[in-house]
Structures are given as C-alpha cells and as structure tokens.
Amino acid sequence: SIVDLYSKEPTSLTRILAFVHELKILPVILDIPSFLFTIDLAALATRREYLNLEKWLQDKITEHGQVFSQACLKFLGNKVRAELARQDSNDAPITVPLSMDVVNVFVKVTLDNLSLPEKDLLRDIHSTYVQLSQKLLGIEPPIATSELILATPNTTANSNNTLITNAIATSNASNAVFLPATTTQGEATFKQEIEDEANSYYERIYSGEITIDEMVERLIQFSKSNNPHEQDVFACMIHNLFDEYNFFPKYPDKELAITSILFGQLVQKQLVSFAPLGIALRCVLDALKNPPGSKMFNFGIQALTQFQSRLPEWPQYCAHLLQIPALQQASPDLAHMIKFSVHVGRMPQQHPDENGLPDLSNSTLNDPSKIVKALSDIFTAVHVPEIAVDESIVYETPTEAIQDKILFIINNVALNNLELKCNDLKENLKQSAYQWFSNYLVVKRASIEPNYHDLYLLLLKSVNSSLLYQHVLRETFANIKILLNSESTVSSSTERTLLKNLGAWLGGMTLAQNKPIVQKYIAFKELLLEGYDHNRLIVVIPFVCKVLEQGTKNTVFVPPNPWVMAILRLLVELYQNANLKLNLKFEIEVLCKSLSIELGNIKPSIVLKNRQPKNRLPTTTAVVAKPEEEIMTHSPFGQPARPSITNLIASVEANTNDEEAMPINIPNLGPYLTFNPQIVMYTTQPNSKRWVLQAITQSIREIIGPVVERSVAIASVSTRELVTKDFSMESDENRVRKAAHLMAQSLAGSLALVTCKDPLRTTMANHLRAVFMTNGLSEVIAEQAAMLTVTDNLDLVCA
C-alpha cells in the first residue's frame, strides 16, 4: 500500500503526492488513519499549493482532539532529528524536509492543544528549526530571527539606533511569530569590533564616501574570503540589513533608494542563498503589497529591478508577483518582463553549469531592454487595452477564505445551477478582486478548458458587470500577446493549444455576442502579415481561425461581412502562395467550412504579390511538438488548479532540418494499383498508367511527412501520460520503456492511417486531374477518371 511504501522510503512522498494529485484523490488519502503519513503528505501538498494546511490541521484537531496534536508534535520531532542528523553527516535527506513557513503553521495551530510539557517541547523544536535556518547566515541567534520578523511585518522590534545615523545596529524581536515573548527574547551576537566595522561600511555608503558598486564588490570579496574576520563582517552586514527591514518606512527617500539598490544587488550577485535568499525575496514581495507610491512600494520596485534578470529561475515567485495588480499598473515594462520570465522559466535549460544551475550568462535575460525588445518587436499588431482608473477602487488579492469560496463556485457551476452559483459569486466577488478573478478565469480556466467556454461566458453575462467584462477582456489580450511573442510557442504544440483556446475565448467574448474586436487592439491582417514576415504563421493562422470561427454563433461577423471577408481573402492568398504546410491549410479549410463558404469562391487578396518578405526563414516540414520540462506552472498563468497541459510532455529535441534532408523510401506501387476498365484511356494509352503512378507517388511524398510527424507527436504525448500513470509503481525501467515503445508505435500507426485518408484523397485527386488535363483530356473526363482511380486505390495508398 501507499503507507507501506512511505514507511520503507519516506522520500517517496513526492512521487506519492504526484500520483495522488493526478488521480484527484488527495482528500481521500488524507483521511487515512495513519497520522504521521497524512501529516507529512499534507505538509508537502501545502508547499505545492494543493492544500490549505492551517484549515486542514484545525479540522483534524476538531475531529481527533489532543491525539492529533500529539501526532503533530511527534512528526515535528522526527523531522528536526532527521534534519540535525543530515547536517552533521552531510548525507542526502532521508525524509522530505519542512520549510520554516510550514513549521510556523504547525506551531500556531497545535500550541493551544498541548499540555504544558508538550508546549515546552514544541518551543524547543521551533527554536531548533529557527537556528538551523539562521545557521545558513553564519550566525546563531537564540530565537528571534529575521525570518520571524519577516513573517510578521508588524512585529515590534527594538533597535539600538537607526541605520542612517549610526549605521546598522542589531535589532531585537520582542515577539516571535507564535510563541510567547518570554521564551524568545534574544539578540544575535557579534563581537563589538565586527559590529563597528559593519556599521562603518553603511555609514560610508550613505555619506557618499563609497558607491553602491564598490560596496557590492566589497561584499563579494568578504563572501569569498577565507579570513574568519571578513566572513563575520559579511554575516553581520547581511543580518543587520534584514533586521532593519521593519524600519525601512522611516528612512528618508535618498537613503531608502540606496538601500533598495543594495538589497536587490544582494540577490543579483548571488550573495545570499537558501533561507536568506528566500527571506530577501519575501521582503521584496511584501514591500510590493504596499499601496502604490508609498515608500515601501517604491523600495520593492527598485529592488526587484536590480535582480530582474534572475526572475526566470523562480517562475513560482513570478506568479506571486503577477498577482499584485499595482505592480502591473506602476511598471508595465517590469510586469511584462515578469510574464516573459514565467515562460522562460518553463523552458528546459540545455547547458547547466557545474553547480547544476542554468547558464544564463549569454542570455538576453541579462539585459532587460533586450527582453522587452524581444517581446515587442515580433508582433506590433496586438495591444492590451487600458481600463479607466477608478480611484474609489483599490485592487487587491482577496483573502484565502474568499478565494476558496470563489474557486468552489467555479468548480461546481453548471447549466442547471447557473443562477444559484451566479448569486453566490456576486456575494463573494468584490470589485477590488476583479483583477485577481479575471487573471484566474483567463489563465487557469479559459486557456485550458475550451469545452467550458460557453458556461464561463454565461456566468460572466449573468454577473452583468461591465467593469468585470473589461478586466477579463484585458487579461485575455495580455496573455494572447505574451503567447504570440513567446519563442516557445513556435516550437511547442501545447503553447499553441493554449493560444488557440484563448483565441476561441476572445471570439466568444466578442464576435459570438456581435461585439467587434477593435482594430487598435488586434489588427488581424497586420498580424497575419507579421507572422508571414517572421516565419511564425504556424502560431498566427490557427489563432486567427479560432477567433473567426466564433462568429458563426451569431449573425453579424459571418460572410459577406466586409471585415471578415478581408481577413478571409488574405488567408486564401496565404493558402495559395505562402507554401503552407498541410496542417495550416487544414485550419483555413475548417474555418471556411464553419463559415459555410467555399474556399474556391473566395477571391484571394494581392498583398503578398508585391510584398518584400522580411526576416523569412526556411520553412520546416511540419509541426513537431517540442515538449517542455515538468515544473510548477502558473504561466503568465500562475499556479494551475490542475496540472497544466504544458507540463505533460517530456523533453525531446526535434531537428526538422535533418529530417527534411532524409529521403523517404516509398515502395513501387505499380504492380498493385487498380486501373478501372471503364476508363478507356488506360487501354488506349499505356503511358497513362505511369502517369498515375507518378501522381500517386508525389501525393504520398507530400502527405507522409506531416502526417507521420503529427501522429508521432500526439502518440508520444498520449503514451507518456498513460504509461506514467499505469506504470507509476513499476520499478523495472526496461519494462516501462518496452511498454512505451509498443504503445507509441501502435498509436502512431493507427493515428496516421486515420488522419491521412482525407488529405490523401484530395491530394491524389488534384494531381491526377492535373496530369490527365495536361495530356489532353477534357476537364469533365479528367475529373471522372481521377475520382474513379482515387476510389479504387485509396485503401492501398493509405496502407
């Protein structure tokens, strides 16, 4: 059983959680009576944001009473002993470690349900965890730590003097996070000469005697020094800077600006790592949650700007940043780059350095201007609409309780309870949460759940809020722009699927409701031409087709609407002249069928005829899904409510240029072809059979590449999902590999056979008709002969 596996190998908990979450049985497993196992699983689920630990612990204590609190105490004791043993021996962890935040939640919830001796033991465990965290800073304070101060920004702290007048002095935390003050008073101790030297450096930087760059270089030297004195000075300076965080709002603007740059440079230059790095990042995140224009908000912006090139290393952190509405309004370029960093963070890095970290030294991420340029230079036909500022509304992320209620409503809404759920949503969703909700709806629902678009649109319509509609529409445009400009969208079929889903969502919000898509937000013809210029039609055409398809749900945006026809004419010109691959032609054909108009009846435009292509690259054979590395994912899309489709594919390199160069060996089909005796030409002109063989062979060559590649890509994805689920407990790697190969081979072959028939029929008919007319047959007779020959030989050719 799962509990037995955990007992034998506690580190298997990560695999167990992945398996349980995939099957959506986490609540059931957490009800197992094995407390130590369920508590450990709940703690890990909390780190993955699958569970509200505090609420779960409270419910369990209510249900089981003091027995469960004692189990939590035993669990924490086991964890701290394992962590101490690991640090003493430097061995690999034998259990899944706990974060300080999780420990704090356990202390907060269980403290009041324990006896006096047990409370003392819990305080000792908490103190040990704090000291283990502080040890990474090179100091050993008793209990009051910058981690604790940071966890409670309103904590009262006593400072000997301010950083400006007498440099930085060590500050005390008179109240710890959850423990009584009498048990946690203490002061991080450094020798007086260390304190004086650390203070002198801060005095010199604030007086202008040394520059920030010189200060950072000095810190780098100290951090790499083998001199214990310099190491102590470095630890003291870092510790004091963190301790002063609560006093930053009292700093003058100039000194706070210097502090913010220095603070950000600590992260940028990798002068802090592990727990201190988490503290620094949390400081910036908390600062950005202050009102726009405040001292601390400006501090957060300036500090974040300093280490923006490292943001792709922490996509989950970027997701939290994107949930701060004021950040996107105050610094659009920075917010734009954070969204880009989310995508870059999801891309597998090919060249890790010797420490196992991605090598970003040559990346454009080191130059923020290059990032913004890379985002804006490809597609200029897309613009994100602005929403009129209402000073009476202060946008903020709702409380966790409200979020849970809203998510419950969205998870359970259906057509038969739409009115009831809409009323519940109106009660819980305030205007201040519109930005958060619109991001959630677009990123975590509309982009990955196209089958529920109509339901979500009905819910929006029932809410009947013009402001909410504007926010959702703006969020849709913003994420479309990110996906269109992302390099990963070109190579990743999953990213293109997200874009197509957002295209259908945009069309559903606008065209399907007889509302136009304003030209200044998306100019579709210019978008197609930019895609043609930059060799990105594989991204643009499916998106445009999905948007236009939604017009069929109403009466205005269908042929012969001039706006629709202008886009269709350009699509037909691309169909005929842009050397499109089969899958893109198929998208256009499906669009025409949806709009009930024949492709041949649409007069193509003449835009490409006189256009000088820019930045054109050699086209590849077909769409090949470039899978991505599995990570936590919140795309510009934040943390998904379920596993994102962008995380379902394994990493594979597809070299399409090499594949194009490889010849395709097609057997000689001549002896096996069927020639209908009703066609007189086959009897009177013996060469006609050779013409047929050439036409069929040419048709196969055109079709086989795209069909096989597409089938293999889809089969690979399906195989990976099914095999990893069915063989999740299989220890024999060879059995898993053999099963995957057999399944992929069978699926790819069957899928290729099914999908090739219609395009092969059309291609064969076109080639045969052309060769017959070239050799003197009339159009009517050539058409009949071609159709009869195709019908007689289609099954043979498909096989």
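Trainee: Which residues of helix α28 are buried?

Mentor: Phe524, Leu527, Leu528, Leu529, Glu530, Gly531, Tyr532 and Asp533 are. Buried means under 20% relative accessible area, exposed means over 50%, and partly exposed lies in between (1.4 Å probe, protein chains only). This is a predicted model, where local features need pLDDT of at least 70, side-chain atom pairs need pLDDT 80 or more, and totals for chains, interfaces and linings use all residues. Numbering runs from 1 along each chain as its sequence is written, and side-chain values use heavy atoms, with hydrogens and water left out.

Trainee: What makes α28 largely enclosed?

Mentor: Count its residues. Eight of the 10 residues in α28 (524-533) are buried, so the rest of the structure largely encloses this helix. The cover over those buried residues includes α25, α29 and α30 (562-577). Just after α28, Asn535 has a positive phi of about 60°.

Trainee: What counts as a helix or a strand here?

Mentor: Both are DSSP runs, numbered from the N terminus: helices are H or I with at least four residues, strands are E with at least two. The protein chain has 36 helices and two strands. Of its 799 residues, 49% are buried.

Trainee: At what angle do α25 and α27 pack?

Mentor: At about 150°, with axes 10 Å apart; α25 covers residues 466-485 and α27 covers 493-509. Axes are lines fitted to C-alpha atoms, for helices over the stretch in contact, and angles run from 0 to 180 degrees between N-to-C directions.

Trainee: Which residues of α25 and α27 meet?

Mentor: Contact means heavy atoms within 4.5 Å. From α25 come Tyr469, Val472, Leu473, Thr476, Phe477, Asn479, Ile480, Leu483 and Leu484. They meet Glu495, Leu498, Leu499, Leu502, Trp505, Leu506 and Met509 of α27. By class, that gives 13 nonpolar, two polar and one charged residues. Ala, Val, Leu, Ile, Met, Phe, Trp, Tyr, Cys and Pro are nonpolar, Asp, Glu, Lys and Arg are charged, and the others, Gly among them, are polar. Glu495 is therefore charged, while Thr476 and Asn479 are polar.

Trainee: Why does Leu484 count as buried?

Mentor: Its relative accessibility is 0%, which is under the cut-off, so Leu484 is buried. Leu484 lies in α25. Beyond neighbours within four places in sequence, Leu484 touches Phe379, Val382, Leu499, Leu527, Arg536 and Val539. Leu484 and Leu527 are 43 residues apart along the chain, yet their C-alpha atoms are separated by 9.8 Å.

Trainee: What is the crossing angle of α13 and α14?

Mentor: Roughly 125°, with the axes of α13 and α14 (253-268) coming within 12 Å. That makes α13 oblique to α14 too. Ile238, Leu241 and Phe242 of α13 meet Thr259, Phe263 and Leu266 of α14. Five of these residues are nonpolar, one is polar and none is charged.

Trainee: What makes a set of residues a nonpolar core?

Mentor: The members are buried Ala, Val, Leu, Ile, Met, Phe, Trp, Tyr and Cys residues, joined through side-chain atoms within 4.5 Å. The largest core has 87 residues, and Trp505, Leu527, Ile541, Phe543, Leu571 and Leu574 touch the most other members. Helix α29 (537-549) gives the largest share, 10 residues. Apart from this core lies another, of 63 residues, including Phe190, Phe234, Leu334 and Ile338.

Note on methods. Angles under 35 degrees count as roughly parallel, over 145 as roughly antiparallel, 65 to 115 as roughly perpendicular and the rest as oblique.
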